[in-house]
Amino acid sequence: MITNKKPRSSDTDSIFMKDDRTEMSEDDDRSPSPNSITHDSSPTRTYTTGSGPGTGPGSSSVPEYLAPCPDQVLENVLENVLLFLTSRKDRNAASLVCRSWYRVEALTRSDLFIGNCYAVSPKRATSRFTRIRSVTLKGRPRFADFNLMPPNWGAHLAPWVSAMALTYPWLEKVHLKRMSVTDDDLALLAESFSGFKELVLVCCDGFGTSGLAIVASRCRQLKVLDLIESEVSDDDVDWISYFPDTGTCLESLIFDCVECPIDFDALERLVANSPSLKKLRLNRHVSMGQLHRLMAQAPRLTHLGTGSFSPSEDVAQGEQGPDYVSAFAACKSIVCLSGFREIIPDYLPAINPVCANLTSLNFSYANVSAEHLKPIISNCHKLQIFWVLDSICDEGLQAVAATCKELRELRVFPFEAREDIEGPVSEVGLQAVSEGCRKLQSILYFCQRMTNAAVVAMSKNCPDLVVFRLCIMGRHRPDHVTGEPMDEGFGAIVMNCKKLTRLAVSGLLTDRAFAYIGKYGKIVRTLSVAFAGDSDMGLKYVLEGCPRLQKLEIRDSPFGDAALLSGLHHYYNMRFLWMSACNLSNQGCQQIAQALPRLVVEVIKHEDNLDMDENVDTLYMYRSLEGPRDDVPRFVSIL
């Protein structure tokens, strides 16, 4: 089931223009920051007056001020102006004005965002931008999170970190998402950038505790080490103990996804030696008793992930445990709470002292009931972000709606992701939230039953919605009251929510729903479709009607070659198209590859079906300035 934007001109294509425009001013001295660059816009030379050069009475040396050429003046002014331009969209637009703007924009850019690591080569990126301090790089498409892509598909960090090591000596930040990262990559990163400060790995794999130990020991100015939903192998290396004993610059440490145990004594020393630490998210091997000790060392925390929320095993039966309520009361700065793994709900009231200040609460790992939730949520009047399991039932969502009037984002995840059960949340909870939380901007809602009326009500009550993802578990499920398709509900969302940029649809949908999306979804950038549609017309409505569409994800739907070919006019404007378990043929995909040579068309086969036949298991298409990649695995064919 699908659970999860960009301007028309993409980041990677608009910042890397044709080869005849890649020339740029050389930065030979590699000035450490664009903000500190100065230019002399008034060149001078000395000449002498008299009958000859340096002769005759009254000859004297007089400085002659030469007027700088207009292009130089323009570039000097532009540099100072563009330093204040932070939006990627605005910078990309500026780089397209003319050659001069193209050069200056590159010289003043310090943050580089690559939405697809195969859309441009590391060599092209590093030669175009030479003063980068922060790099964000994305690899595999999102459906890789749901085992829809075979392992070892690609998205390797190695060529990128090698290129950056040669070009970006002042690199400070690296943010990676769905990339394959090895311990050697982390070692090269730690060795190459003396002022490295921030490493964020989201949904990455391939590395282990050995690589983390190298980063901890060598990056002495490290401020952020965030490991989020990444797979970290256990190399029997106590990576936490490799941080300096004499004090660190750490401001954020997130390792709740690390499944291996850690040395708690080393962690306690690290927290005590990190006076600037504001964010700390612990893994499930840290007990409540240990959490109590850490909170005493870090009373200034603003973001806390609790780890395991169950009592310590070393507290004997009948013996009084730590005073958790007082520990939370002492941390007056906490505004974001998460964790609560292996929770014992009886301990939940311990967080009451911080609830009044919370703006974010994540119960997505906490199997709690409505009765446990209500005393907590009734104090969370400032809450803006809330993630929770559907174990709280409709009753719990009604309590959220009654209290959280400032709520901006809600995610309701399934405790049991099964199609053959009656789920605990339904249209009742959705309608309650729409009526009580009118400022809602983003919602992800898993359920087994829904009605058009509840979705229509949400479209009217929450017109500021930017993200609407409704995941009705179970294939082709209609409005469970009327038996009608869910067309009118999703149609109301795209009609009434004028700011909508991301949409995920599910349930029984006909081509009528896609006609609504094509007609009214003019600023939709990301669309996810599962088990929906009647015919090729459905996809045709979307491709011809949504000019801003950047990312299109489709699985188990009846769309075929005719639908695919209807988007020829738009694919160069999109970041990617993913279609799996649809009705595509190898011939139809080949037609796309021939018509659009700058589009990489990958046909992905399952491991048990590697022979090329007429039917296509998975199609993944994306723009690239480099053409086909050179690390294609055996189960991928590039047409």
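Predicted model: local features only at pLDDT ≥ 70, side-chain atom pairs only at ≥ 80, totals over all residues.

Reader: Why are helix 18 and helix 19 called roughly parallel to each other?

Author: Angles under 35 degrees count as roughly parallel, and the angle between helix 18 and helix 19 is about 0°, so the two helices are roughly parallel to each other. On the side of helix 18 the contact is made by Asp511, Phe514, Ala515, Ile517 and Gly518, and on the side of helix 19 by Met537, Gly538, Tyr541, Val542 and Gly545. Sorted by class, this contact has 6 nonpolar, 3 polar and 1 charged residues.

Reader: Which residues of helix 18 are buried, and what do they pack against?

Author: The buried residues of helix 18 are Asp511, Ala513, Phe514, Tyr516, Ile517 and Gly518, and they pack against helix 17, strand 19, strand 20 (526-530) and helix 19.

Reader: What makes helix 6 and helix 7 roughly parallel to each other?

Author: The axes of helix 6 (residues 158-167) and helix 7 (residues 183-192) come within 10 Å and cross at roughly 15°; since angles under 35 degrees count as roughly parallel, helix 6 and helix 7 are roughly parallel to each other. Helix 6 contributes Ala158, Val161, Ser162 and Ala165 to the contact, while helix 7 contributes Asp185, Leu188, Leu189 and Ser192. By class, the contact of helix 6 with helix 7 has 5 nonpolar, 2 polar and 1 charged residues. The crossing of helix 6 past helix 7 is left-handed.

Reader: How do you know that lysine 374 and glutamate 371 meet in a salt bridge?

Author: A salt bridge needs a side-chain nitrogen of Lys or Arg within 4 Å of a carboxyl oxygen of Asp or Glu, and the distance from N to O between lysine 374 and glutamate 371 is 3.3 Å, so the pair qualifies as a salt bridge. Both residues lie in helix 13 (residues 370-377), 3 residues apart, which is about one turn of the helix.

Reader: Why is lysine 374 called partly exposed, whereas glutamate 371 is called exposed?

Author: Residues are buried under 20% relative accessible area, exposed over 50% and partly exposed in between. Lysine 374 has a relative accessible area of 27%, so it is partly exposed, whereas glutamate 371, with 52%, is therefore exposed.

Reader: What other residue forms a salt bridge with lysine 374?

Author: Glutamate 395 does, the closest N and O atoms being 2.6 Å apart. This pair links distant parts of the chain, with glutamate 395 in helix 14 (residues 393-403) and lysine 374 in helix 13, 21 residues apart. Glutamate 395 has a relative accessible area of 37%, so it is partly exposed.

Reader: What makes the pair of lysine 499 and aspartate 464 a salt bridge?

Author: The closest N and O atoms of lysine 499 and aspartate 464 are 3.3 Å apart, and a salt bridge requires such atoms within 4 Å, so the pair qualifies. It links distant parts of the chain, 35 residues apart: lysine 499 is in the loop between helix 17 (487-496) and strand 19 (502-505), and aspartate 464 is in the loop between helix 16 (452-461) and strand 18 (467-472). Lysine 499 is partly exposed at 46% relative accessibility, and aspartate 464 is partly exposed at 31%.

Reader: How do you know that glycine 139 is buried?

Author: Buried means under 20% relative accessible area, and glycine 139 has 5%, so it is buried. Glycine 139 is found in the loop between strand 4 (134-138) and helix 6. Leaving aside neighbours within four places in sequence, glycine 139 is in contact with Asn116, Cys117, Ala155, Lys177, Arg178 and Met179.

Reader: Why is asparagine 152 called exposed?

Author: The cut-off for exposed is over 50%, and asparagine 152 has a relative accessible area of 68%, so it is exposed. Asparagine 152 lies in the loop between strand 4 and helix 6, and its phi is near 65°, a positive value in a residue other than glycine.

Methods: Residues numbered from 1 in each chain as written. Heavy atoms only, no water. Helix = DSSP H or I, 4+ residues; strand = E, 2+ residues; numbered from the N terminus. Buried < 20%, exposed > 50% of the residue type's maximum accessible area, 1.4 Å probe, protein only. Axes fitted to C-alpha atoms, helices over the stretch in contact; angles between N-to-C directions. Parallel < 35°, antiparallel > 145°, perpendicular 65-115°, else oblique. Contact = heavy atoms within 4.5 Å. Nonpolar A, V, L, I, M, F, W, Y, C, P; charged D, E, K, R; others polar. Left-handed = near helix turned anticlockwise from the far one by under 90°.
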